[in-house]
Amino acid sequence: MIGSVLSGSTGGWIAIGAIVAAIGAVVVAVLALRQLGRVRAAQEVLLGGEKSDLVDFAVSLQARVEDLHSAVDELAAAVGRVDRRVDSSLSRTSIVRYDALEGTGGQQSATIALLDSSRSGVVLSAIQGRDYARVYVKELERGRAAVALSPEEQQAVERAMSLKPE
């Protein structure tokens, strides 16, 4: 039969070509199905056993990433607010003890500096004498006082600003 088909009929050659093409198509289809099975197995591993496809998974990942970005932005704003509050808190302090009056001994006088990070705050001085005590309060705004600071008060301010806050 094949001999008679090959002997001269054009239709026979077309039929053989169609059979070969069909067999080739079946082989290509089988190989494609095997490859598709491998891809689906890898996709299942990637998706964690979910039944959705990679596009749905990528869309959900994008939504999660956008949520994370907005959460990071909120946290950055909150940290900025906290930084401003910390900068304005009394975070730098020092005390200087000294003898304000000769003959009193024991360094009974003291100056305390209570400042924020911009050198604003108060300086308290307690001057002790034998029969009296005086207290002076001077306000500082960005390192400047309306009333001149004594050397001990200036020392307390400088010492407070040189210490690193915890």
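User: Why is Glu-158 called partly exposed?

Analyst: Its relative accessibility is 36%. Buried means under 20% relative accessible area and exposed over 50%, with partly exposed in between (1.4 Å probe, protein chains only). The value for Glu-158 therefore puts it in the partly exposed class. This is a predicted model, in which local features need pLDDT of at least 70 and side-chain atom pairs count only at pLDDT 80 or more, while totals for chains, interfaces and linings use all residues. Residues are numbered from 1 along each chain as its sequence is written, and side-chain values use heavy atoms, with hydrogens and water left out.

User: What makes Glu-158 and Arg-119 a salt bridge?

Analyst: Their side chains meet at 2.8 Å, N to O. The criterion is a side-chain nitrogen of Lys or Arg within 4 Å of a carboxyl oxygen of Asp or Glu, and the pair meets it. Glu-158 belongs to helix 4 and Arg-119 to the loop between strand 2 and strand 3, so the bridge ties together parts 39 residues apart in sequence. Helices (H or I, at least four residues) and strands (E, at least two) are DSSP runs, numbered from the N terminus. Arg-119, with a relative accessible area of 24%, is partly exposed.

User: How many salt bridges does a search of the whole structure find?

Analyst: The search finds 2. Among them is the pair of Glu-153 and Lys-138, whose side chains also meet at 2.8 Å, N to O. Glu-153 is in helix 4 and Lys-138 in strand 4, so this bridge ties together parts 15 residues apart in sequence.

User: Why do Glu-153 and Lys-138 count as buried?

Analyst: Glu-153 has 2% relative accessibility, so it counts as buried. Lys-138, at 14%, also counts as buried.

User: How do you know that the length of helix 4 agrees with its number of residues?

Analyst: Helix 4 (residues 151–162) has 12 residues, and at 1.5 Å a residue it should span 16 Å. The expected span is 1.5 Å times one less than the number of residues. The end C-alpha atoms are 16 Å apart, which agrees.

User: Which residues of helix 4 are buried, and why are they said to line one face?

Analyst: Glu-153, Ala-156, Val-157, Ala-160 and Met-161 are buried. Cover for the buried residues includes strand 1 (92–98), strand 2 (109–115), strand 3 (121–128) and strand 4 (133–141).

User: What makes up the largest nonpolar core?

Analyst: The core has 11 residues, including Val-96, Leu-115, Ile-127 and Met-161. Such a core is a set of buried Ala, Val, Leu, Ile, Met, Phe, Trp, Tyr and Cys residues joined through side-chain atoms within 4.5 Å. Helix 4 gives the largest share, 4 residues.

Technical notes: Contact = heavy atoms within 4.5 Å.
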